[in-house]
Amino acid sequence: MSVRIVLEKPRSLYTNLDFVAGRAILSLTSNETVTAITVKLEGESKSRLLGEAFNPYGGYPGAYRRGREPSTIETEVHKILYKASTVFPSVDQHFASRTSAYTLPAGLHEFPFQFKLPFNNACADSQSTYVNVAGLQVQAPGNTDRHVRKTLPPSLHGFNEQAIIRYYVKATVQRSAFYKENYRSQEYPFQFFPIEPPRPPLPSPDQRRESFARIEHAFAPATVPPSTAKFPGLFRKASVPEPASPTAIPLLVCIDARLPDPAILTCNEPLPLRLMVTKLNDSPATVFLQLLQIELVAKTAVRAHHLSRVNLTSTVVISKSNMRMRLVEQKRVMEIDKGHWRDIPLPNSVAPSFDTCNISRSYDLHVKVGLLHGFGEHIFPELIVETLIMPTQVYSGIAPPDALLRAMAGRPTSNIVPTAATSDLPPRPPPSAVPFSPSAPPTSIPQHLSAAPFQTGQTHPEGPFPDDAPPSYEDAVADGIGPVDGPRRLYFQQQEEGSVGNAPGSAGKS
């Protein structure tokens with residue numbers, strides 16, 4: 001006996017509202033009695049961290065002493081997507097037959113299935129869990145892990161299996177005899193890339209705003225180079241060189257990196273970045289661009305129970321040095337040519353920002369600028385290198401359907417009646433302006449954009465036996481909306497060894 005999954009019209013990339021359809025193919029060499037054949041669509045977020053060993057006698061962690069406890073490995077797994085469909089027996093076969101076991105003849109048997117990918121994950125936090133013990137429902141204490149109900153995260157691999165988010169389809173053949181194990185197919189993995197949240201409307205040209213990072217720098221006082229001395233020749237006399245004259249005003253510049261507000265980058269698209277250098281005084285010096293490096297730094301926060309870690313990875317967009325490019329000044333403002341990065345899109349390995357139960361991803365844009373200055377053709381050797389850091393959001397670039405946006409715009413809101421406890425509270429003060437600090441970005445992303453899209457509250461059933469959590473509003477209105485009819489993005493995550501799952505035809509309970 002063997003069972004395998006075959007997808008119909010498989011996509012290189014799936015997103016929300018897409019249909020995952022295919023067939024479960026069961027191959028039998030002899031007659032086999034089964035009770036049911038189930039196909040499951042699953043997604044899981046797995047974190048695995050190694051804790052430092054505790055040494056009661058002191059010393060570095062690698063030191064060996066008697067009584068030293070070994071290092072602990074904490075693993076946390078969340079089922080962010082779970083859908084099951086019984087493809088055999090059908091509803092008609094189940095009601096037509098009075099038995100719970102069915103005998104299938106030898107040969108190939110195909111069972112079609114179809115799932116629709118939802119918007120939000122299925123991992124909900126319950127205050128308590130009920131387990132079946134000897135036919136009785138016994139309440140067990142709930143876990144203390146963090147659970148969120150947000151948009152499904154993208155597929156993610158890397159960090160030596162510290163953080164893995166994967167999606168797959170598998171089939172299970174349930175056999176009637178209790179001493180026979182169930183058969184499971186090999187997990188059929190696929191890449192998932194979510195729909196981006198609704199973007200704010202484009203403002204008019206006179207109301208456009210920009211998020212920026214800014215830093216000032218003063219060059220050291222320099223001297224104007226002296227004239228070159230002439231040595232005696234056959235028809236000329238030796239001349240005395242003119243002494244060097246110090247400049248009265250040292251050059252003071254301000255470097256700006258700007259992005260449209262809110263600061264949003266899009267996968268597989270170039271950066272909408274502007275870089276400017278502004279003179280802050282009347283120095284006659286000329287500014288030269290010597291070094292330019294732009295990189296996108298990803299901060300992946302991983303948590304496994306009481307352990308946590310932040311992994312930093314960088315994607316270099318451009319890196320140029322020894323440029324010695326004269327910057328053209330217009331009313332003290334010098335804008336660096338966008339042609340250096342205008343035609344360079346983000347690579348297809350960059351995942352959009354997301355937040356799930358035990359793994360989250362955020363981004364910072366690091367812009368490193370190196371400047372020289374001089375007078376005329378003479379360039380002073382002083383090189384300044386400044387790094388500007390801007391927190392950004394990365395969107396997938398797959399726009400939500402218009403029908404979903406219209407449904408979300410008409411979403412009903414609950415009217416909250418103020419009580420005595422809330423009416424006495426003072427009004428919330430307006431947000432104060434944060435002064436600029438070179439070590440921190442001067443602007444931040446608004447809170448309504450930093451939160452994951454389509455966030456809904458969690459509900460708990462009132463009865464003693466809780467059922468599955470009700471679908472969110474986005475999933476409910478999306479049932480009647482078809483797949484995204486628009487451009488898809490390129491996204492690729494290299495899967496690590498051992499992440500596929502069980503071998504074909506492996507036995508086990510599910």
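**Overall fold, nonpolar cores and a buried asparagine**

In the protein chain, 78% of the contacts with a separation of 6 or more are accounted for by residues 24 or more positions apart. The structure is a predicted model. Its protein chain contains 5 helices and 25 strands. Of the 510 residues in the chain, 41% are buried. The chain exposes about 29000 Å², and 53% of this area is supplied by carbon and sulfur atoms.

Strand β2, formed by residues 19-28, has pairing partners in β1 and β6. With strand β1 (residues 2-7), β2 runs antiparallel and is joined by 6 bridges. Within this pairing, Ala 24 of β2 stands opposite Ile 5. With strand β6 (residues 107-116), β2 pairs over 10 bridges, again in the antiparallel sense. Leu 28 has Gly 107 of β6 as its bridge partner. Strand β2 is mostly covered, with 7 of its 10 residues buried. In a regular strand, side chains alternate between the two faces of the sheet.

In soluble globular proteins, nonpolar side chains tend to be buried together. The largest nonpolar core of the model comprises 54 residues, of which Leu 271, Leu 273, Ile 294, Trp 341, Val 367 and Leu 371 touch the most other members. At least two residues of this core are supplied by each of β12 (210-218), β15 (252-260), β17 (274-279), β18 (286-304), β19 (307-320), β23 (359-375), β25 (384-395) and α2 (402-409). Another core, of 39 residues, lies apart from the largest one and includes Ile 80, Phe 159, Ala 171 and Leu 307.

A search of the whole structure for disulfides finds 0.

A polar residue, Asn 121, was considered next. Asn 121 is found in the loop between β6 and β7 (128-133). Its relative accessible area is 1%, so Asn 121 is buried. Not counting residues up to four places away in sequence, Asn 121 touches Ile 80, Val 148, Arg 149, Lys 150, Leu 152 and Thr 356. For one of these residues, Val 148, the backbone oxygen lies 3.3 Å from a polar atom of the Asn 121 side chain. Tyr 82 and Asn 121 are 39 residues apart in sequence, and their C-alpha atoms are 8.7 Å apart in space.

Note on methods:
Residues are numbered from 1 along each chain as its sequence is written. This is a predicted model: local features need pLDDT of at least 70, side-chain atom pairs count only at pLDDT 80 or more; totals for chains, interfaces and linings use all residues. Side-chain values use heavy atoms; hydrogens and water are left out. A disulfide is a pair of cysteine sulfur atoms within 2.5 Å. Buried means under 20% relative accessible area, exposed over 50%, partly exposed in between (1.4 Å probe, protein chains only). Helices (H or I, at least four residues) and strands (E, at least two) are DSSP runs, numbered from the N terminus. Two strands pair if DSSP finds at least two bridges between them. A nonpolar core is a set of buried Ala, Val, Leu, Ile, Met, Phe, Trp, Tyr and Cys residues joined through side-chain atoms within 4.5 Å. Contact means heavy atoms within 4.5 Å. A polar contact is a pair of N or O atoms within 3.5 Å; within protein, one must be able to donate a hydrogen and the other to accept it, and residues adjacent in sequence count only if both atoms are side-chain atoms. Accessible areas come from the Shrake-Rupley method with a 1.4 Å probe; for residues, only the protein chains shown count as cover.
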